Amino acid sequence: QVQLVESGGGLVQAGGSLRLSCTASGRTGFVMGWFRQAPGKEREFVVGINRSGGTYYANSVKGRFTISRDSSKNTIYLQMNNLKPEDTAVYYCASGDRLSPWERAYDYWGQGTQVTVSS
């Protein structure tokens, strides 16, 4: 069984930065990634990374967010810069076997961490 634990969320002003972490216990899939869900909206894909370092970003975060992976620590990071109020959401870590923006490609999910960006 894989467990994913996120950390690093918080409150930040627009234009600020945050770094999220997700540490996995157990054997994760080939891909780890981040999704987010804003109040009243469906969960959406943010970014994914595979074990080879290949990445796939949602257009809304390209140039502002950067994902990285430390395989020795079974941890991924999401560096979020130039944050906007519309980035406010609960951010979920996920693990799966295909680098895909679709939720069904991911088998394991964390509990989420809240990111709030004030204007």
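Me: What do buried and exposed mean for a residue?

Reply: Buried means under 20% relative accessible area, exposed means over 50%, and partly exposed is in between, with a 1.4 Å probe and protein chains only. Ser95 has 0% relative accessibility, so Ser95 counts as buried. This is a predicted model, in which local features need pLDDT of at least 70 and side-chain atom pairs count only at pLDDT 80 or more, while totals for chains, interfaces and linings use all residues. Residues are numbered from 1 along each chain as its sequence is written, and side-chain values use heavy atoms, with hydrogens and water left out.

Me: Where is Ser95 found, and which residues does Ser95 touch?

Reply: Helices (H or I, at least four residues) and strands (E, at least two) are DSSP runs, numbered from the N terminus. Ser95 belongs to strand S9, residues 89-96. Contact means heavy atoms within 4.5 Å. Not counting residues up to four places away in sequence, Ser95 touches Leu4, Thr28, Gly29, Val31, Met32, Tyr106, Asp107 and Tyr108.

Me: Is Arg27 buried or exposed?

Reply: Arg27 counts as exposed because its relative accessibility is 69%. Its place is the loop between strand S3 (18-25) and strand S4 (31-37). With residues up to four places away in sequence not counted, Arg27 touches Val2 and Arg51. From C-alpha to C-alpha, Arg27 and Glu6 are 17 Å apart in space, and they are 21 residues apart in sequence.

Me: How do strands of a sheet pair?

Reply: Strands of a sheet pair through backbone hydrogen bonds, either parallel or antiparallel. Two strands count as paired if DSSP finds at least two bridges between them. Here an open sheet of four strands has the order S1-S3-S8-S7, with antiparallel pairing. Its edge strands are S1 (3-7) and S7 (65-70), and each pairs on one side only. The twist averages 15 degrees from one strand to the next; axes are lines fitted to C-alpha atoms, for helices over the stretch in contact, and angles run from 0 to 180 degrees between N-to-C directions. S7 and S8 (residues 75-80) pair in the antiparallel sense over six bridges. The bridge partner of Asp70 is Thr75 in S8.

Me: Which strands does S4 pair with?

Reply: S4 and S5 pair in the antiparallel sense over six bridges, and S4 pairs with S9 in the antiparallel sense over seven bridges. On the S9 side, Val31 stands opposite Gly96. On the S5 side, Phe35 stands opposite Phe45. S4 and S5 form a hairpin with six residues between them, and Gly40 in the turn has a positive phi of about 75 degrees. S4 is mostly covered, as six of its seven residues are buried. Phe35 is found in S4 and is buried, with a relative accessible area of 1%.

Me: How many aromatic pairs does a search of the whole structure find?

Reply: Rings of Phe, Tyr and Trp (its six-membered ring) pair if their centres lie within 6.5 Å; planes under 30 degrees apart count as stacked, over 60 as edge-to-face and the rest as tilted. The search finds five aromatic pairs. In one of them, the ring centres of Phe45 and Tyr56 are 5.4 Å apart and the planes are at 65 degrees, so the pair is edge-to-face. Phe45 lies in S5 (residues 44-50) and Tyr56 in S6 (residues 55-57), so the pair ties together parts that are 11 residues apart in sequence. Phe45 is buried at a relative accessible area of 10%, whereas Tyr56 counts as partly exposed at 36% relative accessibility. Ring pairs link Phe35, Phe45, Tyr56, Tyr106 and Trp109 into a cluster.

Me: Which ring does the charged end of Arg43 sit over?

Reply: A charge sits over a ring if NZ of Lys or CZ of Arg is within 6 Å of the ring centre and within 35 degrees of the ring normal. The charged end of Arg43 sits over the ring of Tyr92, 4.8 Å from its centre. Arg43 also lies over the face of Trp109, at 3.9 Å from the ring centre.

Me: Which residues have the most contacts inside the largest nonpolar core?

Reply: A nonpolar core is a set of buried Ala, Val, Leu, Ile, Met, Phe, Trp, Tyr and Cys residues joined through side-chain atoms within 4.5 Å. The largest one has 33 residues, and those with the most contacts inside it are Trp34, Leu78, Met80 and Tyr91. The elements that give two or more residues to this core are S3, S4, S5, S7, S8, S9 and S11 (113-118). Leaving aside neighbours within four places in sequence, Tyr91 is in contact with residues including Trp34, Phe35, Leu78 and Met80.
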